[in-house]
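Dear colleague,

Please find below the structure that I am handing over to you, together with its sequence.

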Amino acid sequence: MNLKIGCISGDGIGPEIVKEAVKVLEQVAKKYGHTMEYTQILMGGASIDVHGVPLTEDAVKTAKEQEAVLMGSIGGDPNTSPWYQLEPSKRPEAGLLKIRKELNLFANLRPAVLYPQLAGACPLKEEISKKGFDMLIMRELTGGLYFGERKTTEENGVVTAVDTLVYTEEEIRRIAIKGFEIAAKRKGKVTSVDKANVLDSSRLWRKVVNEVAVNYPQVTLEHMLVDNCAMQLVKDPAQFDVILTENMFGDILSDEASMVTGSIGMLASASLNDSKFGLYEPSHGSAPDIAGKNIANPIATILSAAMMLKYSFDLDQEAAAIEEAVSKVLDQGYRTGDIMSEGCTLVSCSEMGDRIAEEI
Ligand code: IPM
Ligand code: MN
């Protein structure tokens, strides 16, 4: 099979971690007889430096021509980077929001798994962490507060800022369907998270999710208020299978979920539209403080490449091979600094990529 893959190396540690993911993909290609065709796409600060904007129309067009896009990370340090002197619509993050919208990537899948080998890094009490957890946050990605109308006005010397949270029935239905579909293939449980005790958009969310649930009798549905969910994630994360939620809640809860795994450097993500196309990126940011030092953890990006093989190319066996290789390397005790613990062997970003590629 020939795989047409767009590569957004991006900013900070982005180029280093994408390089390792490509190394692993190349090994997969060799072993399973595929060819990979990579096309570089500029986005974020890297694009600002060349074109003055975080994502050009040409870059969007190129992305659309690919079957999938693998991304590192974008953005810099807002306190020191000149990119943050620009108006908000020209900053690196605007490129990410634009590509999500232009490619209609409404379903963001963020798995949060406690690896048994890394259980020691979990910040929760042992009585909680020993139960393990394996959840997937299904975050709506192209609606809600992120894309509603916003404005800042001044009247009689008083400045007012407005952001709007909008959802249509259809936007809720399509993400709910994705949530139930995936839950049916996992542990069969959806926790739909909203703020229906306050927000109209959440009341609509709940109504539509209930309607969709009727078509999935094999999946158990529960509703949970977002504040309670934030609490439950640290109290009893093992209760969750699929958390289905809107854009902003999903942004916040997915950071929390990743933190309780103790290793944000391990978490992959996929942003999908209604076709097979997807954008695959680690859940972590661009870590400008450690950029260029060859010490970043490439595993989240490598696991994102595995998600890409699975969701965009239906190469389940190849995806499993990557996941198993990661697990083996962890079993062997190799660790980057962020997940280092006593008795393990500290390796660099590129060494970690080498080890994983060798296990394919
Ligand atoms: C994420 C990030 C983005 C978001 C930022 C960089 C705009 O935090 O992917 O979670 O808020 O969606
Ligand atoms: Mn976020």
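Ser263 is buried, with a relative accessible area of 3%, where buried stands for under 20% relative accessible area, exposed for over 50%, and partly exposed for what lies in between (1.4 Å probe, protein chains only). This residue sits in the loop that runs between helix H9 (247–261) and strand S11 (268–272); helices (H or I, at least four residues) and strands (E, at least two) are DSSP runs, numbered from the N terminus. When residues up to four places away in sequence are not counted, Ser263 touches Leu118, Ser258 and Ile339, a contact being heavy atoms within 4.5 Å.

Before going further, please keep in mind that this is a predicted model, in which local features need pLDDT of at least 70 and side-chain atom pairs count only at pLDDT 80 or more, while totals for chains, interfaces and linings use all residues. Residues are numbered from 1 along each chain as its sequence is written, chains are lettered from A and ligands numbered from 1 in the order in which they are written, and side-chain values use heavy atoms, with hydrogens and water left out.

As to the overall picture, the protein contains twelve helices and 14 strands, and its C-alpha atoms fill a box of roughly 60 × 50 × 40 Å, taken along the principal axes. The radius of gyration is 20 Å, which agrees with the value near 21 Å that a compact globule of 360 residues would have; the radius is taken over C-alpha atoms, and the globule rule is 2.2 Å times the number of residues to the power 0.38. Of the 360 residues, 53% count as buried, and among the contacts with a separation of 6 or more, 75% are accounted for by residues 24 or more positions apart.

The protein exposes about 15700 Å², of which carbon and sulfur atoms supply 52%; these areas come from the Shrake-Rupley method with a 1.4 Å probe, and for residues only the protein chains shown count as cover. There are 37 positive and 52 negative side chains, and the centres of the two sets lie 3 Å apart. Here Lys and Arg count as positive and Asp and Glu as negative, whereas His and the chain ends are not counted, and the place of a charge is taken as NZ of Lys, CZ of Arg, CG of Asp or CD of Glu.

The structure holds zero disulfides, a disulfide being a pair of cysteine sulfur atoms within 2.5 Å. For Cys7, the closest cysteine sulfur is that of Cys349, and at 14 Å it is too far for a bond. Cys7 counts as buried because its relative accessibility is 1%, and Cys349 likewise counts as buried, at 0%.

Leu3, found in strand S1 (residues 2–10), counts as buried at 0% relative accessibility, and its C-alpha atom is separated by 8.4 Å from that of Ala68, 65 residues apart along the chain. Leaving aside neighbours within four places in sequence, Leu3 has contacts that include His34, Met36, Leu309 and Phe313.

Ala63, which has its place in helix H3 (residues 57–64), is also buried, at 0% relative accessibility. With neighbours within four places in sequence left aside, Ala63 is in contact with Ile41, Val69, Ile99, Leu103 and Phe277, while the C-alpha atoms of Ala63 and Gln332, 269 residues apart along the chain, are separated by 37 Å.

His284 lies in the loop between strand S12 (278–282) and helix H10 (299–311) and counts as buried at 13% relative accessibility. Not counting residues up to four places away in sequence, His284 touches several residues, among them Ile13, Ser73, Gly265 and Asn297.

Finally, a word on the backbone. Most residues other than glycine have a negative phi. Asn104, although not a glycine, has a positive phi of about 55 degrees; Asn104 lies in the loop between helix H4 (92–102) and strand S4 (107–113) and is partly exposed, with a relative accessible area of 30%. Asn156 has a positive phi of about 50 degrees, again without being a glycine; Asn156 lies in the loop between strand S6 (150–155) and strand S7 (158–163) and is exposed, with a relative accessible area of 76%.

With kind regards
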